[in-house]
Amino acid sequence: MKQHLQIIATLVAQKSHADEVRNLLTPAVKDFRAEPGCLGYVLMEDRKHAGRFMTYETWEDEAALKAHMHSPTMEKLGPLLKELLDGEIKQDFLTVLAQA
């Protein structure tokens, strides 16, 4: 069985920029979901820590993820987020062990 890429990315906004990051990421999800090889893309925000965002992403393969990272939406968001985030984006690559 082919293993798709499962990724959880964590982005932490600088305290004074949480709204800006939220307003950038939320509409981008629609674009990400429409990209070839995107099997799922969910944006979440930590209930206890406003401005701490996480994405749960499923990609067909490495090529799809690579294309996503260079998509027009990511090319536009990258420089903007760099100025608004508190540190780098953290990506965790996961393996599904069980699924209902």
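Start with the largest nonpolar core, which has 21 residues. Such a core is a set of buried Ala, Val, Leu, Ile, Met, Phe, Trp, Tyr and Cys residues joined through side-chain atoms within 4.5 Å. Buried means under 20% relative accessible area, exposed over 50%, and partly exposed in between (1.4 Å probe, protein chains only). Select Val21, Trp59 and Leu81: these have the most contacts inside the core. Now colour β1, α1, β2, β3, α2 and α3; each supplies at least two residues of this core. Helix α1 gives the most, with six residues. In soluble globular proteins, nonpolar side chains tend to be buried together.

A word on the model. It is predicted, so local features need pLDDT of at least 70 and side-chain atom pairs count only at pLDDT 80 or more, while totals for chains, interfaces and linings use all residues. Residues are numbered from 1 along each chain as its sequence is written, and side-chain values use heavy atoms, with hydrogens and water left out.

Next, the sheet. Four strands form an open sheet in the order β2-β3-β1-β4, with antiparallel pairing. Strands (E, at least two residues) and helices (H or I, at least four) are DSSP runs, numbered from the N terminus. Two strands pair if DSSP finds at least two bridges between them. Select β2 (38-45) and β4 (90-94): these are the edge strands, each pairing on one side only. From one strand to the next, the twist averages 15°.

Zoom in on β1 (residues 5-12). Five bridges join β1 to β4. Pick Ile7; its bridge partner in β4 is Phe93.

Helix α1 (residues 18-33) lies across β1, β2 and β3 (52-59), at about 165° to β2. Helix α2 (residues 62-69) lies across β1, β2, β3 and β4, at about 135° to β3. Axes are lines fitted to C-alpha atoms, for helices over the stretch in contact (heavy atoms within 4.5 Å). Angles run from 0 to 180 degrees between N-to-C directions.

Go to Phe32 and Tyr41. They form a tilted aromatic pair, 4.8 Å centre to centre with 45° between the planes. Rings of Phe, Tyr and Trp (its six-membered ring) pair if their centres lie within 6.5 Å; planes under 30 degrees apart count as stacked, over 60 as edge-to-face and the rest as tilted. Phe32 is buried at 1% relative accessibility, and Tyr41 at 7%.

Last stop: Thr73, in helix α3 (residues 72-84). Is Thr73 buried or exposed? Thr73 counts as buried because its relative accessibility is 16%. Not counting residues up to four places away in sequence, Thr73 touches Ala28, Asp31 and Phe32.
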